[in-house]
Number of protein chains: 2
Amino acid sequence: MRIAIIGYGGVGRALVELLVNKKEELKEIGLQVIYVIGSKGGIYNPEGIDLASLVEFSRDERDITKYPNGASAEVTFHKILENKDVDLVIELTPTNKETGEPGMTHIIKSLEKGFHVATANKGPILLNYKKLREIAIENNVQLCIGCTSGGALPTINGGIMDMAGSNVLSIEGVLNGTTNYIIKEMEDGHVSYDEALKKAQQMGIAETDPSLDVEGWDTASKLLIITNVIMKEEKTLKDISVAGITQLTKEDIIKAKEEGKKFKLVGRSIRKDHTLEMSVKLEKLEKDHPLYGVDGKNKGVRYTSDTLGDLTMIGGASGVTPAAASILRDLINIHRGYKF
Amino acid sequence: MRIAIIGYGGVGRALVELLVNKKEELKEIGLQVIYVIGSKGGIYNPEGIDLASLVEFSRDERDITKYPNGASAEVTFHKILENKDVDLVIELTPTNKETGEPGMTHIIKSLEKGFHVATANKGPILLNYKKLREIAIENNVQLCIGCTSGGALPTINGGIMDMAGSNVLSIEGVLNGTTNYIIKEMEDGHVSYDEALKKAQQMGIAETDPSLDVEGWDTASKLLIITNVIMKEEKTLKDISVAGITQLTKEDIIKAKEEGKKFKLVGRSIRKDHTLEMSVKLEKLEKDHPLYGVDGKNKGVRYTSDTLGDLTMIGGASGVTPAAASILRDLINIHRGYKF
């Protein structure tokens with residue numbers, strides 16, 4: 001399988017490192033990474049780039065056009081389209097949730113040329129999943145997006161492969177590690193929301209501008225992707241009633257604790273008659289709710305179905321290596337012939 | 001996809017009913033069941049058996065050789081081998097854990113003829129999974145066994161598809177609904193083991209001879225299958241240290257409750273240095289253990305891995321319909337091209 005990696009940031013570097021570390025195990029697949037493309041140009045080696053040396057090189061140097069072997073400012077995405085010499089494009093450029101670019105163009109053109117695509121890029125998937133999937137089907141290739149909605153937690157696999165043949169009737173998820181960490185801090189440390197947020201920021205878990213997380217939009221984005229993919233819907237963010245955790249008080253937490261309950265920021269899609277209700281909001285979960293134990297940076301999702309009962313999945317380590325591992329999972333499942 | 005169903009007991013009948021109920025959704029797959037074979041003979045219709053009429057017929061009559069259209073004592077497994085006119089054999093005959101027969105022969109011969117196999121039959125898988133898998137690979141067909149180790153709970157999918165590309169380092173599972181129900185009864189009703197067992201028997205959850213469940217052997221069987229498949233091992237039941245729940249007292253339960261813990265019958269496979277330790281025993285789980293909330297008839301499994309973190313899966317309705325739905329899941333995943 002000949003591969004192009006577009007976008008050489010944290011996940012891209014972690015993926016290259018993972019491919020080096022798993023070299024022996026991956027031998028049977030016959031992987032060759034022949035392009036690695038960054039923002040200023042990239043590396044092209046039709047015989048397969050020496051990834052171990054690239055990892056070594058990347059320790060001190062971020063500009064891959066300085067890589068000694070096969071690097072050039074001319075090696076851009078267009079080179080791949082011209083050469084048509086890959087089986088799979090891994091799209092890892094930075095997300096733009098307004099236009100989806102440049103990922104959107106990369107994904108569309110790749111699918112049209114008959115390349116499989118695996119991506120961690122939320123923007124194009126949020127904006128245009130249905131269209132992208134149609135292009136993939138027309139061109140008889142796979143579009144894998146598991147990394148965009150939970151990373152290592154296999155939300156998409158769970159809904160497509162594990163629930164195959166059943167109708168998913170509802171989706172519930174604790175999908176944002178940052179807010180879940182903040183809530184846990186408030187529970188354990190008996191501190192206010194502001195204090196817990198500060199600690200999360202100091203630890204690098206929350207961003208300086210935490211609004212996407214704490215106001216519920218990250219959860220909403222993931223819920224939207226999962227819902228559109230698994231329930232075959234065409235919803236947009238506007239269809240979701242979104243509230244975050246910023247109003248949560250120490251007193252709320254203490255009261256919930258006394259009742260034996262826990263607050264979670266829950267994203268929920270549920271079929272009611274002929275409509276689909278979608279929300280992101282704080283919910284007090286009872287001890288016997290399967291997502292009750294999803295604490296700290298953990299994530300979890302629960303599907304209910306007509307014939308396979310409930311399935312709750314909890315876990316999914318956070319960080320660039322698990323994200324890269326979720327791309328590798330897609331790659332292997334494509335190799336194993338799965339039609340998503 | 002042309003299908004033979006061998007074994008027309010509870011799961012077989014539930015599967016036929018499911019295929020009737022899901023007829024519209026399954027249209028794109030183009031399913032045709034051309035054999036349904038019971039213990040005294042079967043039904044053969046190369047144009048596809050009218051499943052709706054079979055469901056109707058089966059309401060009052062268990063002997064399918066009396067079915068008015070295409071039934072005969074001559075329609076046995078050998079007919080399928082002679083005619084070679086199916087793509088998939090669904091093996092649902094009663095389990096024999098000593099010899100694996102007749103399922104073992106059905107599975108081997110089917111794979112050798114180039115038919116995919118999906119089975120709910122634990123016996124052959126417990127005794128001979130590795131050999132069977134080799135035969136499947138040699139003949140370029142799929143052998144799907146998800147139903148043998150958790151039914152609707154996708155333990156095998158989880159380990160193979162959802163953890164693809166990672167190494168599973170440990171497996172922990174609450175895999176037996178009967179014992180889990182008994183423990184929950186003891187917790188909720190403050191009753192003794194004997195009383196809880198009696199109630200489970202009255203409700204049809206525990207069998208008259210409950211030893212397979214309560215002495216841990218059902219859990220051990222499932223753990224063995226999951227471990228051999230996912231960790232690529234060749235263990236046997238003798239490699240597992242097995243203890244059940246029969247010694248559990250009301251006092252143990254009360255004490256655990258005071259500590260905020262719960263007893264679960266846990267099957268566990270864990271790599272330590274170069275050995276694999278396998279056990280089935282009662283464990284007191286802390287509140288934050290992901291399997292803590294697996295109550296009553298529910299089941300759960302947790303995998304830890306090198307690169308994808310932990311994955312806990314909880315759920316999986318019990319009964320013949322969810323078991324049939326797990327066979328349908330396998331069928332669809334085979335249809336989607338997955339190489340297991």
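1. Domain bounds here come from an automatic or database domain assignment. For chain A of this predicted model, that assignment gives domain 1 as residues 2-152 + 320-335 and domain 2 as residues 160-315.

2. How far apart do the C-alpha centres of domain 1 and domain 2 of chain A lie? The separation is 29 Å. Eleven residues from domain 1 of chain A and eleven residues from domain 2 of chain A take part in the contact.

3. The size of an interface is often given as the accessible area lost when the parts come together. For domain 1 and domain 2 of chain A, the buried area is about 990 Å². Carbon and sulfur atoms account for 72% of that area.

4. On the relation between the chains: chain A is superposed on chain B by a rotation of 180°, with a shift of 0.0 Å along the axis and an RMSD of 0.0 Å. The two copies are therefore related as by a two-fold rotation axis. Both copies use the same surface, since 100% of the contact residues of chain A recur in chain B.

5. In the model, A:Lys122 belongs to helix α5 of chain A, which covers residues 122-138.

6. Is A:Lys122 buried or exposed? Its relative accessibility is 15%, so A:Lys122 counts as buried, the cut-off being under 20%. Beyond its neighbours within four places in sequence, A:Lys122 is in contact with A:Thr95, A:Lys97, A:Thr148, A:Asp218, A:Ser221, A:Lys222 and A:Ile225.

7. How many disulfides are found over all chains? A search of the whole structure returns zero. In chain A, the cysteine sulfur closest to that of A:Cys144 is in A:Cys147, at 11 Å, which is too far for a bond; a disulfide would need the two sulfur atoms within 2.5 Å.

8. In chain B, the sulfur of B:Cys147 has its closest cysteine sulfur in B:Cys144, again 11 Å away and too far for a bond. As for burial, A:Cys144 has a relative accessibility of 2% and counts as buried. B:Cys147, at 11% relative accessibility, also counts as buried.

Conventions. Residues are numbered from 1 along each chain as its sequence is written. Chains are lettered from A and ligands numbered from 1 in the order in which they are written. This is a predicted model: local features need pLDDT of at least 70, side-chain atom pairs count only at pLDDT 80 or more; totals for chains, interfaces and linings use all residues. Side-chain values use heavy atoms; hydrogens and water are left out. Helices (H or I, at least four residues) and strands (E, at least two) are DSSP runs, numbered from the N terminus. Buried means under 20% relative accessible area, exposed over 50%, partly exposed in between (1.4 Å probe, protein chains only). Contact means heavy atoms within 4.5 Å. Copies are superposed by least squares on the C-alpha atoms of residues with pLDDT of at least 70 in both. Buried area is the accessible area (1.4 Å probe) that two parts lose on being put together, summed over both.
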